[in-house]
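Welcome! Please take a look at the structure below, and then we can walk through it together.

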Amino acid sequence: MALPALSFEDFFGAYKRFCYIFGRSYDKNPNRDIMRLIYQADLEMTPGMFSSLWLVTSVLSSIVMLVMSSLLLTLPQSPVHIESPYLYILLITLIGTGASAIGFPFYLQNEIENKKRDIDAQIPYALAFMSILSSSGATPLEIIRRISREEYGQISNEFRKVLFKVDILGEDIVTAMTGLVHNTPSELFRDICVDLTNIIYGGGGLKSYLETKSKDLMSIRRQTYKEFVESLGIFGELYLGGVVMTLTLAILGIVISGALGIELGAFKPKDLFNGLIYLLIPLINVIFLQMLSVKYSTTP
């Protein structure tokens, strides 16, 4: 009888349960800053699970990089032959470990940044719709319920959290909105939630506020698109000026050193050239592409 195929979700779930063995005790006294970041990123895991995933993945990455680099650089049938490869093995292992260790907080921060960007992009449309609902006589709580059922991206998700606290946990709307103010990653949305909370608490002025605010935020949204284009241009200039030019100069320097018979310290020009072409350049390009993928996984 054939065994059922193991999906990626099943494998990742088993991997998280394995890692959680090492972080279960951390949840008894978690760090509040990590809790807040996980909440803002909407990750469905505890601080202990996140920390254990971070630690175990970094250790496994170092082991995998150590084994793969050893096999690649030391086996006789390996396509890459370098004299005294142990320093390269150590360097590759450290790079792999560092990339894994930095990758988790980088992913967390970029998830929060993507969420913030999505909220800022949807705010003008959400406020315009909220002003229409307010004109029809809907109460603030009814408006929040309606927005949570619509497709306004992360704004709808944030209001669903408010309704969960109100309907399931039994909190009043002002307390639930105050919790949203403290935890939302968007400063713009935070200010709006503060104003909405004050209006809910004091009463009146909701319609005029929403109409005025939605018009003002349209200009902010255009500025957001401008900043997005500028940041993408900065990444392009960084790659061309920082990566391509540096690697080109490095290759020219190695080639000229080899032609003139100059020894570069303890390394031969041929070893440096092989390490640069077969290891460093592919690794730099993969890391740069992953950074772009995570940074611009969502657009404004």
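## Before we start

A salt bridge is a side-chain nitrogen of Lys or Arg within 4 Å of a carboxyl oxygen of Asp or Glu. Side chains of opposite charge can pair when their charged atoms come close.

What you see is a predicted model, in which local features need pLDDT of at least 70 and side-chain atom pairs count only at pLDDT 80 or more, while totals for chains, interfaces and linings use all residues. Residues are numbered from 1 along each chain as its sequence is written, and side-chain values use heavy atoms, with hydrogens and water left out.

## A network of charges

Searching the whole structure turns up 7 salt bridges. One of them joins Lys161 and Glu158, with 3.2 Å between the closest N and O atoms. Both residues lie in helix α6, 3 residues apart, or about one turn of the helix. (Helices, H or I with at least four residues, and strands, E with at least two, are DSSP runs numbered from the N terminus.) Lys161 and Glu158 are both buried; buried means under 20% relative accessible area, exposed over 50%, and partly exposed in between, using a 1.4 Å probe and protein chains only.

Glu158 also meets Lys115 in a salt bridge of 3.0 Å, N to O. This pair links distant parts of the chain, with Glu158 in helix α6 and Lys115 in helix α4, 43 residues apart. Lys115 in turn forms a salt bridge with Asp42 (3.2 Å, N to O). Asp42 sits in the loop between α2 (32-41) and α3, 73 residues from Lys115. Is Lys115 buried or exposed? Lys115 counts as buried because its relative accessibility is 4%, whereas Asp42, at 31%, counts as partly exposed. Through shared partners, salt bridges join Asp42, Lys115, Glu158 and Lys161 into one network.

## The nonpolar cores

A nonpolar core is a set of buried Ala, Val, Leu, Ile, Met, Phe, Trp, Tyr and Cys residues joined through side-chain atoms within 4.5 Å. How many residues does the largest one have? The largest core has 31 residues, and Ile155, Phe159 and Met177 have the most contacts inside it. Helix α4 (86-135) is among the helices that each supply at least two residues of this core, and the largest share, 7 residues, comes from α4.

Contact means heavy atoms within 4.5 Å. Leaving aside neighbours within four places in sequence, the contacts of Phe159 include Ile144, Met177 and Phe189. There is also a second, separate core of 14 residues, including Leu43, Met45, Leu108 and Ile112.

## Aromatic rings

Next, look for the rings. Rings of Phe, Tyr and Trp (its six-membered ring) pair if their centres lie within 6.5 Å; planes under 30 degrees apart count as stacked, over 60 as edge-to-face and the rest as tilted. The whole structure holds 7 aromatic pairs. One of them, formed by Tyr239 and Phe288, is tilted, with 4.8 Å centre to centre and 40 degrees between the planes. Tyr239 lies in helix α9 and Phe288 in helix α10 (residues 269-295), 49 residues apart. Tyr239 counts as partly exposed because its relative accessibility is 24%, while Phe288, at 11%, counts as buried.

Elsewhere, Phe50, Trp54 and Phe104 form one aromatic cluster.
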